Amino acid sequence: MESVVNRPSAQRKRIHPYKFILWVAMGSIVMMFAGLTSAYIVKSNQPKWIMLDLPVIFSYSTAVIILSSITIQIALKEFKERKIALYRNMLALTFVLGVLFIFLQLLGFNQLWSSGITLRGAGAAPFMYVIFGLHGLHVVGGIIALLIIFIKAFSRRNRSYDPISIEVASTYWHFVDALWIYLFIFFMWIQ
Amino acid sequence: MSNETVIHSLPDTASTHDIEPDGHHGHHKESFITKYIFSQDHKMICKQFLITGMIWAIIGGLFSVLFRLQLGYPDQTFPFLEDFLGKWAKGGRIEPEFYYALVTMHGTILVFFVLTQGLSGTFANFLIPLQVGARDMASPFMNMLSYWFFFASSVVLLSSMFIETGPASGGWTSYPPLSALGDASLGSNTGMDLWLIGMALFVVSSLLGGLNYIATILNMRTKGMSMTRVPLTIWAIFFTAILGVLSFPVLLSGFILLLFDRHAGTSFYLSDIYIGSTFKALPNEGGSAILYQHLFWFLGHPEVYIIILPAMGLVSEVMSVNARKPIFGYMAMVGSLFAITVLAFLVWAHHMFVSGLNPFLGSVFVLLTLLIAVPSAIKVFNWLTTLWRGNLRFTPGMLFAIGFVSMFISGGLTGIFLGNSTIDLHLHDTYFVVAHFHIVMGVSAFFGMFAGIYHWFPKMFGRYLNNTMAYIHFWVTLAGAYLIFWPMHYEGLAGMPRRYYDFSPWVSFNNFQGLNRFISIVSIIVFAVQLLFVFNFFYSVFKGRKVKTQNPWGANTLEWTTPINPGHGNWVGEIPEVHRWAYDYGKEGREFVPQTEPVGANEQKH
Ligand code: HEM
Ligand SMILES: [Cu+2]
């Protein structure tokens with residue numbers, strides 16, 4: 001076994017395959033939203049298109065998700081410096097902010113829906129529900145990943161100093177953050 | 001990061017067991033379940049994909065035989081059909097609804113379940129780790145998930161065939177409004193929902209697979225295996241995976257919008273159209289069915305290349321090995337694969353020339369479409385020059401590889417007809433299109449797949465397939481494919497539309513009745529010969545002649561340096577180092593020079 005493990009000179013500096021997989025997956029997710037937003041652009045040129053004013057709640061959720069990107073970045077830094085207590089706190093904070101983001105999104109949906117803007121009819125609203133909803137699902141995926149890492153951070157048996165899972169999670173988290181900002185600006189400006 | 005560091009730092013990556021020559025593991029015995037069912041060994045996952053794909057191919061092929069019975073003998077009844085199909089074939093004649101369901105399922109099954117995941121899943125899983133020199137995939141766990149999502153989607157699609165209203169019946173493209181309205185046809189009810197769910201699971205499966213293929217090819221190559229030394233199979237699979245990863249999500253978003261139209265009352269694709277079956281106009285506003293076509297074909301066109309590129313890779317490799325010559329123009333082959341990949345994203349609207357597309361935009365798509373002929377022609381030229389003056393060994397794999405080139409040329413030429421929008425106005429949705437894509441995609445991709453199976457079967461199962469049956473299989477399939485699809489060009493030029501249940505009311509097509517019957521008879525013969533192949537396959541898995549040497553074809557690539565029956569982890573001890581490209585055949589008086597052999601002092605280096 002030793003000879004296999006320490007095979008000399010094969011150590012080329014390469015990105016970890018899991019990180020690489022994540023980058024390709026993000027490209028894939030981008031294509032999905034690119035498909036949806038281009039469908040939106042194509043349709044918005046058609047007659048009977050009804051515009052949509054986003055409620056102010058979505059600006060709050062934007063602030064929340066940007067904040068959570070900062071906290072997860074701090075968590076990653078603390079982890080690398082082995083400040084485990086701080087790391088756990090920051091991770092927990094990110095988790096709470098993520099949940100808060102989803103909550104605000106649902107609140108925004110609820111507000112729109114009760115003001116009579118539903119899935120019926122032509123216009124931006126049905127697109128908004130579908131696109132924001134799908135983005136929300138991607139955030140939920142990130143929250144679940146955070147939860148798993150969080151539980152791991154507290155388990156006694158599993159003391160790992162391998163930063164790969166938190167690195168992958170934070171990259172993904174920044175990604176859904178950036179994706180949200182894109183979608184938010186898209187719906188503000190392209191009507 | 002090297003293979004070993006990855007394997008040792010990650011709990012779920014490839015086995016770190018001591019690997020002994022005959023595949024027994026040192027540390028612990030694997031249970032039946034971890035070895036054959038929830039296996040994470042890429043070679044076992046390959047076999048799972050292959051066998052699932054074969055089962056689907058038999059089902060999909062059988063469906064075509066059934067609807068060919070209707071087309072060949074529209075005035076006759078076949079009482080045995082009623083015994084099998086019950087209410088779908090009352091009095092021994094296939095019901096119109098069921099005819100459409102059969103056509104739809106035939107297309108869906110063969111395009112997606114056989115030629116996409118059956119083909120890519122099999123050979124990407126088998127060849128990537130073995131040919132780049134890795135112990136397994138970047139994430140064997142994701143790889144296993146990819147198969148099980150495929151399995152789940154298969155179960156969903158299969159179950160849709162047994163429900164009261166029958167499976168989806170709006171064609172493999174599932175255009176709305178037929179696919180969006182339950183009232184539109186029987187198959188537009190639960191069958192359509194199951195189709196969409198099955199396809200969504202399918203997309204997840206192919207994304208999980210594709211991510212892994214790309215990551216493995218780029219990150220897990222053994223020492224010395226630069227990207228310019230990998231065999232063309234790997235390049236082809238690489239570009240296939242890129243196509244899939246970038247286009248399947250768009251299809252998924254199209255499906256999601258369709259599901260909303262079906263169940264949530266949205267108007268993405270539906271507008272206030274009048275429905276004949278309910279005598280009412282829909283309440284929807286502003287939807288556009290063309291939007292779906294754009295989203296569908298943005299995947300749909302890359303999809304046809306997702307099917308053909310792996311076949312091209314397999315053919316290039318099998319052909320070079322059996323011509324005992326380097327592949328002609330390796331870099332041109334890679335470049336043309338790249339060009340095809342890029343262009344594949346820019347031509348989707350050639351499926352929509354008659355959808356009311358702006359003619360100016362149409363002419364842009366004509367130009368881009370005809371551009372694809374350039375890289376395609378480069379590939380054909382390189383295959384022919386590889387064969388030219390080679391020491392050809394006509395193994396069954398080689399015959400299928402040559403047959404592939406023949407089919408690809410024939411079908412590619414008709415693509416140029418269709419790519420001109422002015423001609424396509426006449427030919428769209430006729431049997432000409434059916435002939436075009438069956439020859440260039442259906443039969444060609446099957447030929448590539450057969451070339452791969454005949455060539456790598458000894459590595460997969462440690463036994464050979466029976467050659468006599470293989471030669472019968474090849475010649476009958478080749479002749480049969482041309483006899484079936486060549487005449488369809490004439491029918492299409494005469495304007496005979498595709499997807500019609502019965503042509504007898506059209507006097508102008510009556511003269512094709514004999515031809516249709518002829519096509520149906522040949523289809524049945526060709527189908528029977530495929531069953532012969534299936535028999536050969538399973539017989540040889542258990543009873544075939546045993547492989548006695550490590551490298552029976554005298555090939556250069558790494559998979560032939562593993563033990564005859566490699567265990568999980570592929571190589572005993574170290575993974576070999578690579579010193580040259582994969583195509584040093586007939587070099588300086590030697591028949592072949594394996595990739596692992598260092599470059600000699602006076603040898604010309606590649
Ligand atoms: C020289 C290259 C090619 C050109 C110019 C070309 C052009 C076209 C055009 C214009 C159509 C639309 C016809 C219509 O519906 O009216 C078409 C259909 C089709 N082509 Fe090609 N093609 C080429 C090669 C290929 C290849 C290599 C494949 C697959 C491997 C392929 C698969 C298909 C399929 C599946 C359809 C029919 C889809 C459907 O309507 O169900 N084509 N082709
Ligand atoms: Cu196309």
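What distance separates the iron atom of ligand 1 from the copper ion (ligand 2)? In this predicted model, the iron atom and the copper ion are 4.6 Å apart.

## The iron atom and its donor

On the protein side, the iron atom of ligand 1 has a single donor, the NE2 atom of B:H436, at a distance of 2.2 Å. This histidine, B:H436, is placed in helix α15 of chain B, which covers residues 431-461. A polar side-chain atom of B:H436 also lies 2.9 Å from a nitrogen atom of ligand 1.

## The shell around ligand 1

Ligand 1 is surrounded by 22 residues, and the closest of them are B:W172, B:D424, B:H428, B:H436 and B:R498. Within this group, B:H428 has a side-chain N or O atom 2.6 Å from an oxygen atom of ligand 1, while a polar side-chain atom of B:R498 lies 2.9 Å from an oxygen atom of the ligand.

Helices α9 (289-323), α13 and α15 of chain B each supply at least two residues of this shell, and the largest share, six residues, comes from α13(B).

## A nonpolar patch on the surface

Helix α13 of chain B, which spans residues 396-419, also gives the most to a nonpolar patch, with four residues. The patch lies on the surface and is formed by B:L384, B:I409, B:L413, B:I416, B:F417 and B:I423, which together have about 490 Å² of accessible area.

One of these residues, B:I409, has its place in helix α13 of chain B, and because its relative accessible area is 32%, B:I409 counts as partly exposed.

Terms used: Residues numbered from 1 in each chain as written. Chains lettered and ligands numbered in written order. Predicted model: local features only at pLDDT ≥ 70, side-chain atom pairs only at ≥ 80, totals over all residues. Heavy atoms only, no water. Donors = N, O, S within 2.8 Å, 3.2 Å for Na, K, Ca; no water. Patch = residues over 30% accessible without salt bridge, like charges linked within 9 Å, V, L, I, M, F, W, Y side chains within 5 Å. Areas by Shrake-Rupley, 256 points an atom, 1.4 Å probe, with all protein chains shown as cover. Salt bridge = Lys/Arg side-chain N within 4 Å of Asp/Glu carboxyl O. Buried < 20%, exposed > 50% of the residue type's maximum accessible area, 1.4 Å probe, protein only. Near = heavy atom within 4 Å. Polar contact = N/O pair within 3.5 Å; in protein donor to acceptor, adjacent residues only side chain to side chain.
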